[in-house]
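Colleague: I would like to learn how to read salt bridges in a model such as this one. Could you take me through them with the structure in view?

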Amino acid sequence: MALDTGLRRSELFRLTWDDIDFAEGRIQVRSNYSFKTGDFRVVYMTPRLRSLLAALASAKTGPTVLRKM
């Protein structure tokens, strides 16, 4: 995911399924300070990332996309 999105590690682990929009093919990434300002940026999915996220979505285990091991 990091290669296809350019997201920081902390941003990847903060992603929730509500941030993923399969219909539009985009991911909404909240900034570190978005809790105060509500700022976010949009990253569009590559075909490879879309298929990876679809596989992860079919095996959802919680509200976050990734979990720390």
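Predicted model: local features only at pLDDT ≥ 70, side-chain atom pairs only at ≥ 80, totals over all residues.

Modeller: Residues are numbered from 1 along each chain as its sequence is written, and side-chain values use heavy atoms, with hydrogens and water left out.

Colleague: How many salt bridges does a search of the whole structure find?

Modeller: Side chains of opposite charge can pair when their charged atoms come close. With a salt bridge taken as a side-chain nitrogen of Lys or Arg within 4 Å of a carboxyl oxygen of Asp or Glu, the search of the whole structure finds five.

Colleague: Which residue forms a salt bridge with R48?

Modeller: The partner of R48 is D4, and their closest N and O atoms are 2.5 Å apart. This pair links distant parts of the chain, since R48 is in helix α4 (residues 47–58) and D4 in helix α1 (residues 2–5), 44 residues apart; helices here are DSSP runs of H or I, at least four residues, and strands are runs of E, at least two, numbered from the N terminus.

Colleague: Where do E11 and R41 lie?

Modeller: E11 also forms a salt bridge with R41, with closest N and O atoms 3.0 Å apart. E11 lies in helix α2 (residues 9–14) and R41 in strand β3 (residues 40–44), so the pair ties together parts 30 residues apart in sequence. Through shared partners, salt bridges join R8, E11 and R41 into one network.
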